[in-house]
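I opened my notebook to record what I could look up, one item after another.

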Amino acid sequence: DELRYAWKLLLQNAPHDSICGCSVDQVHSEMETRFKKVKQVAHFLSQRSLDRWEKQVDSSQLDGLLFTVFNTTACRQTQLVELDLLVEQEDFRDGQLEQHFQSMAAISLPALGLFTSQGQELEATIEDLGVNFRYDLPKDAFRSANFARQIRVRFVVENQAPFSWQTYQVKPIGDTRVNSSLSEQFENDYYRIDVVDGQLLLEDKRTGQTYKDWLRFEDCGDLGNEYIFMAPKNDQPIYGQIEDFGLVYQTEAVSIAKVVHRLHLPVAMETSLEDEQKRLIEFKHRTSQR
């Protein structure tokens with residue numbers, strides 16, 4: 001019943017002028033509400049399925065903080081995974097808020113490492129998130145609130161088979177590891193990316209070919225209608241300039257960079273466009289500029 005409800009709700013967002021985003025604002029406001037409801041139902045159903053599955057997993061031979069990564073696709077996957085793990089928690093419904101907060105804050109975390117279920121250590125970033133407020137929503141009871149000590153784990157799952165799962169262990173390690181520093185270079189065996197004069201350059205190292213203005217933002221004026229785009233006559237595109245480019249995360253398997261673009265754009269079209277619209281001048285014959 002729950003899945004059928006979500007599916008029917010999703011179908012209400014599929015009519016012609018709704019799904020392509022060209023209707024009036026009120027239509028799309030209703031669509032956003034439906035999408036949120038569908039997402040909530042889907043999250044509930046998937047979580048319930050995982051909870052049932054979890055009770056059947058025999059992890060008695062493993063130790064540490066355990067979690068499982070699923071590949072729900074029909075293809076092999078290599079993907080960056082980031083998740084928050086619960087180290088310990090204390091219910092504070094007895095009213096002793098400060099006492100329970102300090103109890104969680106006093107937990108001393110050792111140096112932690114990430115291991116497969118077979119005991120192989122993996123490269124990972126493990127961050128102490130400190131004490132956080134969290135709660136559970138049981139189906140048959142009122143909300144259960146608590147203070148929790150949490151950590152964040154970030155690592156790359158490599159070449160995971162279709163429709164498979166892998167359990168991982170977060171355990172203390174004997175020494176304090178220092179994560180490798182970020183490289184100045186953004187490249188692998190096949191490609192290299194550089195910033196030159198405010199634009200990204202992509203070099204194909206196999207062919208030596210360089211692609212300029214790669215990942216470039218372009219903005220144009222538009223005096224068309226809700227269905228058809230048409231730039232004003234003699235309109236010149238406005239291009240973004242890169243103000244900042246730098247690595248934010250890097251391992252042997254993946255590099256992630258943050259790119260900051262800036263575009264200086266006109267506020268609007270000329271007020272004459274409103275007059276042309278009122279007079280029902282076809283957009284192909286409108287003369288307004290940005």
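**Ground rules.** I noted that this is a predicted model, in which local features need pLDDT of at least 70 and side-chain atom pairs count only at pLDDT 80 or more, while totals for chains, interfaces and linings use all residues. Residues are numbered from 1 along each chain as its sequence is written, and side-chain values use heavy atoms, with hydrogens and water left out.

**Entry 1: Gln-160.** I found Gln-160 in strand β6, residues 144-160 (helices, H or I, of at least four residues and strands, E, of at least two are DSSP runs, numbered from the N terminus). Is Gln-160 buried or exposed? With a relative accessible area of 8%, Gln-160 is buried (buried means under 20%, exposed over 50% and partly exposed in between, with a 1.4 Å probe and protein chains only). I also looked up its contacts (heavy atoms within 4.5 Å), and, leaving aside neighbours within four places in sequence, they include Val-69, Phe-70, Cys-75 and Trp-165. A polar atom of the Gln-160 side chain lies 3.1 Å from the backbone oxygen of Ser-164.

**Entry 2: aromatic pairs.** My search of the whole structure gave 11 aromatic pairs (rings of Phe, Tyr and Trp, the last by its six-membered ring, with centres within 6.5 Å; planes under 30 degrees apart are stacked, over 60 edge-to-face and the rest tilted). One of them joins Trp-53 and Trp-165, whose ring centres are 5.2 Å apart with planes at 80°, so I wrote it down as edge-to-face. This pair links distant parts of the chain, since Trp-53 is in helix α3 and Trp-165 in strand β7, 112 residues apart. Trp-53 counts as partly exposed, at 22% relative accessibility. I then checked Phe-101 and Phe-147, which are also edge-to-face because their centres are 5.3 Å apart and their planes at 85°. Phe-101 is partly exposed at 30%, whereas Phe-147 is buried at 14%.

**Entry 3: salt bridges.** How many salt bridges does a search of the whole structure find? I found 18 salt bridges (a side-chain nitrogen of Lys or Arg within 4 Å of a carboxyl oxygen of Asp or Glu). Among them, Arg-206 and Asp-204 meet at 3.2 Å, N to O; Arg-206 is exposed at 53%, but Asp-204 is buried at 9%.

Technical notes. A polar contact is a pair of N or O atoms within 3.5 Å; within protein, one must be able to donate a hydrogen and the other to accept it, and residues adjacent in sequence count only if both atoms are side-chain atoms.
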